[in-house]
Amino acid sequence: MISRLARLAREERAALLALLGAALLAFPLGFRENNYLLRIAINIFLYAILATSLNLINGYSGQFNIGQAGFYCVGAYTAAILATRHGVGIWLALPLCGLAASAASLLLGIPTARLKGIFLAMSTLGFSEIIRLIVLNGGEFTRGPMGIPGIPPASLWGWELRTNFHMYYLALALAALTVLVSANVLDSRIGRAWIAIREDELAARAMGIPTVRYKIYNLAFSTFWAGVAGCYYAFLSNFISADSFHLDEGFVILGMVLVGGLGSLAGPLIGAAILVVIPEIFRFLAEYRLILYGVAILITMHLRPQGICGGGVMDIGDAGGVRDGEDPPDSGAEPAAGGEGA
Amino acid sequence: MSGERILETRELSVHFGGLKAVDKVDMEVLRGRIHGIIGPNGAGKTTLFNALTGFLRPTGGRILFKGMDIAGFPSHRAAELGLCRSFQNIKLFKTMTAIENVRVGFHHHLRTTLADAVFRTRRFREEERLTRARGRELLETMGLSQYADFKAAKLPYGTQRRLEIARALASNPELLLLDEPAAGMNPAETAELSACIRRISAGGRTIVVIEHDMRLIMEICDRITVLNQGLKICEGDAETVRRDPGVIRAYLGRSAG
């Protein structure tokens, strides 16, 4: 059934996207005062940005990062410090926080660019914790365990985005921007180089791709968006502390990418929606809700290891013409004689 | 044999501890020719290729490509310099389509930056159009047109091998290194491959090919280097190699010599 849905999605892509866009734009109009629903929607967009950014690494260049929360933290603290001490508004803060996260990623990326698999995963995990501990023990600069309160609301040409209703649209716009820019980069020689690295690093090098540089590039581009998400979060919540950036946060983001499907643009969005909504539905389970994340990942791994949208169901670029369901000519029992070669 | 030497090795050695995988090999490849490298298993053929393309740092000796010493260059630089290879065990980008595999091969000829890609600038659009069109041409050259939109992993074996060559050609190499391109092919596929290699050569490229299929080697190569246990034991045209007692000994064992 999923493949039939996927074919429909592929054929009617433009129409479906327009419909989805219209629905998302119209949604809050009916729930202007329903802060609960708006907050859930905002969380979905926020995590959609984070999961999309992580997917750029784990899904496209095929490296294994489980410490995305650290870069999210860098973005949030950069925003908080800029806004409370230097009076920087959200519009300038957004790109600056992205760049700050990218800069932090170089500290991780350059020394670990030659690590692979679980060794890389462990260093990303460690790095994420190091960032949190630095923030926690940062003295005056980060105010340690007290966190940074009093982040002013976002404003647009003097008009303050104070309500969840307004922040909903900002989150939607940022999520759309993240996906759009990522899609454009993925559908270029840069994205193809990342995918080539995922598929076969030696072959990628033989084709003239400087793989180490491209992996660092990939990490920096991905973490830019994590920084942007951190900035949004800081302006959304007015108060941040190191508590929000535990490793669990990184695991939740990873879970979204795994459930939604590595290496597809729609995957992290769907994963974010599912893993934000499920714990809300099961609120009565209180503390035990966290188990649901694990259960959701286990179920996905069992039923559909590539994730809901993974495995090329919704690819990028030329994928419109990919003939995935059918077999190529000459394949099968008969050895290929190939008519036109000789 | 006269002509310009496009590639030369001088006393090239690759040792792994005490194992001399390639030992002081002198080899000359002339521009525009098809040069074969043969030898029994473990002779050091692939190790030699790895050293030539920067995948292994030579222990000693020099590799002169168009007169420049490239020994120890990083592997991605080889493609930029005009040296591209295929692999003994097929290394395609499996989940990418045939055409996308080839388009990756154009990588170092393109100038698209991150900003170009994000804003879909004219440079981006032109380069995308160019790689798509040139990619299709290359697929056609290798007889792969009908496979363009299929994922590489789905293609029949012999087709995958030809796709690897098409991808290598996309980097527009002056020197193409093929590592056992006919391995696992049936006679019909091998014949087709042989025709492909000749066509590429006729287009002016120099080709070095490692192969176990003697018929293919004898048929297409202008010059053949024979390696055994890391040493060059013979070099010359097909006839010379066929008659060389050292070569016969290496292949058939000592008693035959």
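Okay, let's start at the interface: 48 residues of chain B are in contact with 39 residues of chain A, contact meaning C-beta atoms, placed from the backbone, within 7 Å. Keep in mind this is a predicted model, where local features need pLDDT of at least 70 and side-chain atom pairs count only at pLDDT 80 or more, while totals for chains, interfaces and linings use all residues. Residues are numbered from 1 along each chain as its sequence is written, with chains lettered from A and ligands numbered from 1 in the order in which they are written.

Back to that side of chain B that touches chain A: helix 7 of chain B gives the largest share, six residues. Helices here are DSSP runs of H or I, at least four residues, and strands are runs of E, at least two, numbered from the N terminus.

Now the sheet in chain B. Four strands form an open, antiparallel sheet in the order 2-1-4-5; strands pair if DSSP finds at least two bridges between them. Strand 2 (19-30) and strand 5 (68-69) of chain B each have a single partner strand, so one side of each has no neighbour in the sheet. Strand 4 (residues 60-65) of chain B is joined to strand 5 of chain B by two bridges, and Leu64(B) has Asp69(B) as its bridge partner there.

Over to chain A, then: 14 helices and two strands. Of its 342 residues, 48% are buried, that is, with 20 or more other C-beta atoms, placed from the backbone, within 10 Å of their own. And among chain A contacts between residues at least 6 apart in sequence, 76% join residues at least 24 apart.

Definitions and conventions. Two residues are in contact if their C-beta atoms, placed from the backbone, lie within 7 Å. A residue is buried if 20 or more other C-beta atoms lie within 10 Å of its own, exposed if 12 or fewer, and partly exposed in between; C-beta atoms are placed from the backbone.
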